[in-house]
Amino acid sequence: MSIGAVVSNRNFGSFIGSGNVHRTEQATVYRNMPYKMPWSLMEGYSMAGSSYRSPLPVISPLNGKTLRLRVTLNDEGGYLFSMPQQISKKFPSINPRGRVRGICQCYPSSSPSRNWFTEGKLNKFDVIGRQYWQSKHTTVIRTRADYKAEEYDITGEELDSGLSSELPNESILVEGQQQKPWWEQFPKRWAIVLLCFSAFLLCNMDRVNMSIAILPMSKEFNWNSATVGLIQSSFFWGYLLTQIAGGIWADKVGGKLVLGFGVIWWSIATVLTPIAARLGLPFLLVMRAFMGIGEGVAMPAMNNIISKWIPVSERSRSLALVYSGMYLGSVTGLAVSPALINKFGWPSVFYSFGSLGSIWFALWLSKAYSSPKEDPELSAEEKKLIFAGSSSKEPVTVIPWKLILSKAPVWALIISHFCHNWGTFILLTWMPTYYNQVLKFNLTESGLLCVLPWLTMAVFANIGGWIADTLVSKGLSITSVRKIMQSIGFLGPAFFLTQLSHIRTPALAVLCMACSQGSDAFSQSGLYSNHQDIGPRYAGVLLGLSNTAGVLAGVFGTAATGYILQKGSWDDVFKVAVALYIIGTLVWNLFSTGEKILD
């Protein structure tokens with residue numbers, strides 16, 4: 001019979017049938033734990049020279065039969081148990097620094113004069129003697145039985161006190177099962193994060209492909225510059241419509257449904273784009289707006305899911321990883337689209353990129369859940385970790401708009417998001433023009449250099465996420481961490497933009513722009529993580545509100561830059577961006593908080 005128990009070497013007595021049983025998924029027996037103990041699992045047996053005779057009706061059904069112990073041995077140095085010399089010498093082939101998992105079949109003797117083990121052979125350890133071991137890979141389930149100890153006369157040798165101070169003074173008998181493959185042991189919450197990462201990768205791949213495909217399309221359909229601008233802006237018509245609506249929907253019905261809808265919707269719109277273009281300009285404008293509707297719900301839905309799955313100690317790095325998917329999606333789209341267009345024609349970009357959404361959608365349906373409570377395969381250990389690091393978030397039925405809009409930290413989010421996106425959209429939208437007009441790069445070089453800031457942002461976003469979570473884990477308040485990270489995200493770009501007017505070499509100018517965007521990426525651990533801090537139940541709605549302001553900043557900032565360049569210079573463009581970065585820094589540090597203000 002397989003049974004699990006914890007036997008403490010501090011106080012031995014009878015295990016009475018009144019007690020609690022605790023069960024976890026991992027159990028370990030360490031090498032330098034004593035095996036010499038009065039085994040209170042059996043009646044009338046002598047083990048390692050210590051006899052114990054007491055009826056145990058609850059946990060001792062063996063009655064002289066074979067006791068089969070399934071154990072995990074962690075070889076971390078020292079002696080394999082504190083066993084007699086004649087037994088310890090018979091394990092010469094075990095690596096003292098290795099890790100051994102196995103099943104030990106031990107045959108207890110009914111005679112006090114006999115040893116613990118009967119004669120046998122060792123199957124895989126190359127050990128001969130009076131032990132019988134059979135190695136087998138196992139996943140172990142630990143069951144600990146806590147019972148009151150009553151005074152009983154226990155005779156025999158004293159326990160070896162040579163225990164490592166780093167290990168618990170317990171011997172553990174464990175029940176074994178077949179070990180799961182590594183991909184089934186991968187934390188489910190991080191599988192959700194990776195699925196969100198891949199969704200955002202597809203999101204920006206499908207968004208930026210038009211910026212490359214528009215060149216051959218305009219030649220084929222004889223579009224002028226005004227028409228091209230109209231087509232490019234039509235995406236934002238739908239994108240603006242679903243920011244707040246997507247947040248409300250996600251908070252009410254769950255992020256899984258909303259994000260899945262968004263991905264499949266924009267993927268279908270991407271595939272249908274070539275057909276719409278051939279039908280006529282109005283059809284293309286509608287299709288681009290439809291694509292914006294699908295992508296508009298992605299960020300609020302993702303924010304809702306992450307707020308439920310990720311504890312606060314992992315929040316910054318998880319969001320940084322997800323948002324870096326957007327940056328890498330832009331890199332992938334800008335790098336792959338020209339090759340596809342040259343080889344297969346411009347429609348191939350929309351067909352190939354759009355079809356990837358169906359693969360993602362199938363994985364999403366089978367693996368994702370809106371919250372840990374809905375996942376039947378989530379382990380008890382991981383569920384406990386998630387709920388211990390986050391507050392309970394029941395589905396939202398009514399959005400308290402008056403309460404939300406009355407909070408100063410909410411307005412700090414909205415204003416800061418606007419200031420942040422003004423500078424970010426200007427740099428990302430007008431950068432090829434700046435490289436071409438000011439630095440005198442040709443269009444091919446400008447296109448290649450446009451990839452550099454996206455790569456820089458992807459790297460530094462993850463660096464910032466790990467720094468922020470490390471600071472939180474070391475005891476720094478969430479409010480302080482958010483203010484520090486966002487201040488870097490504001491003042492870093494402001495500093496590097498002011499240096500551009502003093503730089504005369506193209507190489508230094510490109511480096512300065514890359515550093516500006518790299519420091520900008522620290523915002524992912526600042527304002528982009530703050531929605532879940534101040535109102536985890538309304539994380540989708542809060543992101544919808546602030547991102548609406550951010551999109552408006554992109555639209556107005558891009559248009560205003562063109563107007564400024566007609567009347568002034570690039571220095572004037574950068575001065576406006578720097579001024580807004582400084583305003584955002586002041587507002588953020590005065591009014592933001594990392595504490596929950598909406599429940």
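Axes here are lines fitted to C-alpha atoms, for helices over the stretch in contact, and angles run from 0 to 180 degrees between N-to-C directions. Helices are DSSP runs (H or I, at least four residues), numbered from the N terminus.

The model is predicted: local features need pLDDT of at least 70, and side-chain atom pairs count only at pLDDT 80 or more, while totals for chains, interfaces and linings use all residues. Residues are numbered from 1 along each chain, and side-chain values use heavy atoms, without hydrogens and water.

**Exercise 1.** Work out how H3 and H7 are oriented to each other.

*Solution.*
- Start with the geometry: the axes of H3 and helix H7 (residues 298-309) lie 10 Å apart, at an angle of about 170 degrees.
- Over 145 degrees counts as roughly antiparallel, so H3 and H7 are roughly antiparallel to each other.
- Now the contact (heavy atoms within 4.5 Å): among its residues are Ile192, Cys196 and Phe200 of H3 and Ala298, Met302 and Trp309 of H7.
- By class, that contact of H3 with H7 has ten nonpolar, no polar and two charged residues.

**Exercise 2.** Describe how H8 passes H17.

*Solution.*
- The axes of helix H8 (residues 315-344) and helix H17 (residues 527-534) come within 10 Å, crossing at roughly 130 degrees.
- H8 and H17 are therefore oblique to each other.
- Tyr323 of H8 and Tyr528 of H17 are among the residues making the contact.
- The residues of this contact of H8 with H17 split into three nonpolar, three polar and two charged.

Key
Helix = DSSP H or I, 4+ residues; strand = E, 2+ residues; numbered from the N terminus. Parallel < 35°, antiparallel > 145°, perpendicular 65-115°, else oblique. Left-handed = near helix turned anticlockwise from the far one by under 90°. Nonpolar A, V, L, I, M, F, W, Y, C, P; charged D, E, K, R; others polar.
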